[in-house]
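Thanks, everyone, for making time this morning.

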Amino acid sequence: MPIQRCAVGVMARAPSAAGKTRLAPHLSSARLAALRAALLADTLDVIAAVAHTGSLDAVLFFTPAGAEREIAALTSHSFPCVCQSDGDLGQRMRSALEELLGPRSYDAAMLVGADIPLLNVRHLVEARDTLQSSGGLVLGPADDGGYYLIGLTKVHDGLFEETEWGTDSVLIDTLRAAERLGIEARLIGGTYDIDTIEDLRRLERDLESAVSTVAPHVRHWFLEG
């Protein structure tokens, strides 16, 4: 059945909440919080841009409870907001996808993280088009062995349950689970997220050669340093 309605959900943590602990030895708490805010703001800009085209709807899945206002202050776009469920990352992603494919009645849904500074509209359109043409499972591989995007037309039991979250085997664990379950998996173009000081230094170098419209909030964060 052709996909008529597709949504992208952003898994967003409030910048004031704990996160990016591997960067903590290298940045003050204020600088680290500002970085988390800049990364999230840039992600929301990209999601808003694709939502404005009408090709994808967007929903914000936030944590912790009560963080809607803090996150909403980072963007001029108004997103429908849903509090993330309890549990590990896999449980929270499964719940978010079930929300999009169930109560919200989308034909296909994808999730992205909020710390992907080089995420762009092309990644999202490629994922949508891949779901449109083949269904199944779509993954955007991240350089650290995980993935920055996952897209599905149906939530499958067993896809999220046997993954070692936070390790460099997340992508391969997911692909193996899909193979066991008989789900066709396709990969789109890759990128990287920001977890370590090496990632941050790489990003600073990459932004020097990227067009000025890429990751403007993170660019400003570097300038403030």
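Predicted model: local features only at pLDDT ≥ 70, side-chain atom pairs only at ≥ 80, totals over all residues.

Let me begin in strand β7, where L187 is the bridge partner of L139; strands here, like helices, are DSSP runs numbered from the N terminus, with at least two residues (E) for a strand and at least four (H or I) for a helix. Residues are numbered from 1 along each chain as its sequence is written, and side-chain values use heavy atoms, with hydrogens and water left out.

β7 (residues 185–187) runs parallel to β5 and is joined to it by 3 bridges, and two strands count as paired if DSSP finds at least two bridges between them. β5 is also joined to β6 (residues 147–152), this time antiparallel and by 5 bridges, and there V138 has G151 as its bridge partner. In the hairpin of these two strands, with 5 residues between them, G145 takes a positive phi near 95°.

How many residues of β5 are buried? The count is 5 of the 5 residues in 137–141, so the strand is largely enclosed by the rest of the structure; buried means under 20% relative accessible area, exposed over 50%, and partly exposed in between, with a 1.4 Å probe and protein chains only. In a regular strand the side chains alternate between the two faces of the sheet. In β5 both faces are covered, with L137, L139 and P141 buried on one side and V138 and G140 buried on the other.

Stepping back, the open sheet has 7 strands in the order β3-β2-β1-β4-β6-β5-β7, with mixed pairing. Its edge strands are β3 (81–83) and β7, each of which pairs on one side only. At the β3 end, β2 (residues 57–63) runs parallel to β3 and is joined to it by 3 bridges, with V82 in β3 as the bridge partner of F61. Helix α5 (residues 170–181) packs on the sheet and touches β5, β6 and β7, where contact means heavy atoms within 4.5 Å.

Note on methods
Axes fitted to C-alpha atoms, helices over the stretch in contact; angles between N-to-C directions.
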